[in-house]
Amino acid sequence: MQDNTPHFRRLALLWVVSSIVLTAIVVFVLAPGMPPGNGTVQASGQVVDNTVLLGLSTPVALGVLLCLGYCLIVFRERPGDDPHLEGPAIRGNSSIQMWWLVVTTTLVLFLAAFGSIELLKDGAGGGQGPNPLSVVGNPKSTLQVQVIAQQWQFTYRYPQYGGFETNKLEIPANTTVEFHVTSLDVIHSFWAYQLGVKADANPGQDNIAYVQTKAPMNFAVHCAELCGVWHGYMFDSGKVVPKTEFASWVTQQRKYFSPETHLLTPYRHTYFPAPQRRGG
Amino acid sequence: MKQRALAVTIGLTAVVVVIGLYIGLYLTAQPGSATASPSAGGAVQLYLATVPAAATNDPHPTWVSYYVTNSQRQDWQHKTTFVVPANTTVHVTLFQYDSATGLRNEFFSQAIGTTGGGFTLNGKAVRAIPPANASHVFAIPALGVSVPLAGVAGNAKNPCSNAPCTGADYNTITFSFRTGAKGLFRWQCFVPCGAGYVQGFGGPMQTVGYMDGFIKVV
């Protein structure tokens, strides 16, 4: 029996209408609240990236799911159907093939270009290695903070303020910060979630990541690389504070850590500290 | 055929039970805990010791370790979970029997987070020690507490070999810190003191019950 139902037109109409509605909901309602939030320029950039990715993938996912659902419902076996009867064989459709290739190729190429541009724009908060392609802000006004990972705590050095080291991370608001991430032992990963910063901490490597802060806020810091028995406990918190508050905090920290500052190894981008192996 | 199936079933059941017991015992095995004793003014007191090697009957008699002891350095117990009350000052007296290894990060050569900002080393008030003199560190990162422990001289007359170290040379370190709300926190050493392991960070540094443990604030 010939089936004259316009299945393709029905499915296409269903897909177009539901895509418009659901994509609008995703882009304008769900996406703005997605992690990591809008605390920094890089975090906001990641929200935009996630919005674009989710906005483009919504119609694609809908197309697949609708087609599956439509087939399961419309082409299901009904009582009285011959269970051995199969539909007509599909021998190819050059028009569908051409459009499939055009649409998917365009989508993939667009996303590749979009991702590359977003990465080059401001580093996207990721570790760029010792020679970053994307240098953010004016180097003269950039705050440098060295993140030193060790089993199992992050410590921080401020080379522009005498190289003091502290176990607390504070950075000023409305400032470009250049994180120099390294490790003294195994591989760790510095993940300042709400800042939108994530950079691997490798021993002997200077991994640079940028962030442009906005208003004061608190943020969490986690190690994102399995690094030993206390990896799950390797977390702390940090603060973005007003510039005046940052200045007084630096003064207070320099004073508090003055007994040990002169004992520290002179500031370098990487360290290979002794002892490498215990003598005993 | 039936007998064979029965034998296979019994064998498989036995294997599953043995594996289950092994996993269960492994997961429930907890190093012992020690409760801090009351001290003057509502504070509590902990007496700890660090030794170059655990007792000879320990499963790892060559591993460096912390122990719980008393003010007379007797009654040695291999426990690394310390129970202390919330919102209380904790006085710690630490008898340090091991020799120096040195810090990989000199940052930990200064005491932080202690009451008054320092500690005493053999009765003398100090805030930092030379990084190369550190034998161990007692640190509770989540509470912001860290104290370096100076090692005994390499040419000490009576070095300790294995716990208990009664009669051996030692350094006495005292410090205090204040607890906050209830919670379970880890403490650890920051000196790479795991002898025989890459960079000294294996073995006792990676095993709860030797150079790390818990602070249970109740």
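Student: Where does A:W152 lie?

Tutor: A:W152 sits in the loop between strand 1 and strand 2 of chain A. Helices (H or I, at least four residues) and strands (E, at least two) are DSSP runs, numbered from the N terminus. Before going on, keep in mind that this is a predicted model: local features need pLDDT of at least 70, side-chain atom pairs count only at pLDDT 80 or more, and totals for chains, interfaces and linings use all residues. As for bookkeeping, residues are numbered from 1 along each chain as its sequence is written, chains are lettered from A and ligands numbered from 1 in the order in which they are written, and side-chain values use heavy atoms, with hydrogens and water left out.

B:P164 is in the loop between strand 10 (145–150) and strand 11 (171–178) of chain B.

Next, zoom out to where the chains meet. Chain A puts 29 residues into the contact and chain B puts in 43, where contact means heavy atoms within 4.5 Å. The size of an interface is often given as the accessible area lost when the parts come together. Here, chain A and chain B bury about 3,000 Å² between them, 52% of it on carbon and sulfur atoms; that is the accessible area (1.4 Å probe) lost on being put together, summed over both. The interface has zero salt bridges (a side-chain nitrogen of Lys or Arg within 4 Å of a carboxyl oxygen of Asp or Glu). Polar contacts, though, turn up across it in 16 residue pairs, both residues at pLDDT 80 or more. A polar contact is a pair of N or O atoms within 3.5 Å; within protein, one must be able to donate a hydrogen and the other to accept it, and residues adjacent in sequence count only if both atoms are side-chain atoms.

The elements giving two or more residues to chain A's side are strand 1 (143–150), strand 2 (153–158), strand 3 (164–166) and helix 5 (258–261). That side divides into 14 nonpolar, ten polar and five charged residues. For those labels, Ala, Val, Leu, Ile, Met, Phe, Trp, Tyr, Cys and Pro count as nonpolar, Asp, Glu, Lys and Arg as charged, and the others, Gly among them, as polar.

So where is a salt bridge to be found? Over all chains the count comes to one. A:K121 pairs with A:E118, their closest N and O atoms being 3.1 Å apart. Both lie in helix 3 (residues 94–122) of chain A, three residues apart, about one turn of the helix. A:K121 counts as exposed because its relative accessibility is 52%, while A:E118 is buried at 11%. The cut-offs are under 20% relative accessible area for buried, over 50% for exposed, and partly exposed in between (1.4 Å probe, protein chains only).

B:N122 lies in the loop between strand 7 and strand 8 (124–126) of chain B, and at 47% relative accessibility it counts as partly exposed.

Definitions and conventions: Buried area is the accessible area (1.4 Å probe) that two parts lose on being put together, summed over both.
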